Amino acid sequence: MAIHTQLPIYKAAYDLLDVVTDFAKNMPRDFKRSIGEKISAECIEITVLIFRANVAEDKSPYLNELQERLQVAQLLIRLGKDKRLISPAAFGKATELTTSIGKQATGWRRVLRRRTFNDAISRAKHMPSEDLFEAGNSYFGLMRQSTHSHADRAQLANVLRRRGHTIKADLTKTYLRTYHREYYHRIRKQRTAPSGRFTYALAALMNLGGQAA
């Protein structure tokens, strides 16, 4: 894992904070608090979120919030430019940096999504058969919610087919074949049924209760 201060996205965020600090301090008092300080606060949060995303195992929540705060910062910077509180040169530099941060954050999320997909394919290949039906449909559901391609869904479908499942034509759901369905329901019953030792202990307690009465 790279140190967060060495990441290109962090360097861009720091440069943005530097630019924002310079033009915010020169804003008229009426706008310094309502616009200037808010832009600075959003830029500080963006740098903090980059650090948190870099050290976190699950980076998605931090990258999602980063994108939201970047949108707010861009909106306020444009407002400052329209109010003639920010010079064209400073606005151009800030816009260049916010665009760079947004593209790098999107690329970061794309890499994470690909890594998550590869992990899902690996698990689907090796997980126990009785768990594969529910897991396969969960994976298809997650793919519907994100921007996975048809090729990704086809790759998952091929793994499930090789393991004896049938797939809906639009590659959004998996079904159990008849003999797999019977095996799946039998395993489910075994998992939810009380164990023999538990049943014996329960019967013994009931007998003791009857004798005490």
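A salt bridge is a side-chain nitrogen of Lys or Arg within 4 Å of a carboxyl oxygen of Asp or Glu. In this predicted model, arginine 69 forms such a bridge with glutamate 42, and the closest N and O atoms are 3.1 Å apart. Arginine 69 belongs to helix α3 and glutamate 42 to helix α2, so the pair ties together parts that are 27 residues apart in sequence. Glutamate 42 is buried, with a relative accessible area of 14%. Arginine 69 is partly exposed, at 23%.

Arginine 69 also meets glutamate 65 in a salt bridge, again with an N to O distance of 3.1 Å. This second pair lies within helix α3, where 4 residues, or about one helical turn, separate arginine 69 from glutamate 65. Glutamate 65 is partly exposed, with a relative accessibility of 29%. Through shared partners, Glu42, Glu65 and Arg69 form one network of salt bridges. Side chains of opposite charge can pair when their charged atoms come close.

The count of salt bridges comes to 3. Another of them joins glutamate 37 to arginine 33, at 4.0 Å from N to O. Both residues sit in helix α2, 4 residues apart, which is about one turn of the helix. Arginine 33 is exposed, at 61% relative accessibility. Glutamate 37 is partly exposed, at 40%.

The wider fold can now be set out. The protein has 8 helices and 2 strands. Along the sequence, these elements follow the pattern α-α-α-α-α-α-β-β-α-α. Of the contacts with a separation of 6 or more, 63% are between residues 24 or more positions apart. The chain has 213 residues, and 37% of them are buried. The accessible surface comes to about 13600 Å², and carbon and sulfur atoms account for 54% of this area.

Where do the buried nonpolar residues gather? In soluble globular proteins, nonpolar side chains tend to be buried together. Here the largest nonpolar core holds 34 residues. Leu16, Phe23, Ile39, Ile50, Ile77, Ile101 and Trp108 touch the most other members. Four helices each supply at least two residues of this core: α1 (8-25), α2 (29-55), α3 (60-82) and α4 (88-126). Helix α1 gives the most, with 10 residues. A second, separate core has 16 residues, including Ala120, Met127, Ala157 and Val159.

Isoleucine 77 shows the contacts of one core member in detail. Leaving aside residues up to four places away in sequence, isoleucine 77 touches Leu16, Phe23, Ile39, Ile86, Phe91, Ala94 and Thr98. Two of these partners, Leu16 and Phe23, fall within the span of helix α1. Ile39 falls within that of α2. Phe91, Ala94 and Thr98 fall within that of α4.

Phenylalanine 91 has a charged neighbour instead: lysine 81 lies over the face of its ring, at 5.5 Å from the ring centre. Phenylalanine 91 is also among the residues touched by isoleucine 77.

Two residues stand out in their backbone angles. Most residues other than glycine have a negative phi. Arginine 84 is not a glycine, yet its phi is positive, near 60°. Arginine 84 is found in the loop between α3 and α4. Arginine 84 is exposed, with a relative accessible area of 78%. Leucine 171 likewise has a positive phi, of about 60°, without being a glycine. Leucine 171 lies in the loop between β1 (165-167) and β2 (174-176). In contrast to arginine 84, which is exposed, leucine 171 is buried, with a relative accessible area of 8%.

Definitions and conventions
Residues numbered from 1 in each chain as written. Predicted model: local features only at pLDDT ≥ 70, side-chain atom pairs only at ≥ 80, totals over all residues. Heavy atoms only, no water. Core = buried A, V, L, I, M, F, W, Y, C linked by side-chain atoms within 4.5 Å. Buried < 20%, exposed > 50% of the residue type's maximum accessible area, 1.4 Å probe, protein only. Contact = heavy atoms within 4.5 Å. Areas by Shrake-Rupley, 256 points an atom, 1.4 Å probe, with all protein chains shown as cover. Lys NZ or Arg CZ within 6 Å of the ring centre and 35° of its normal.
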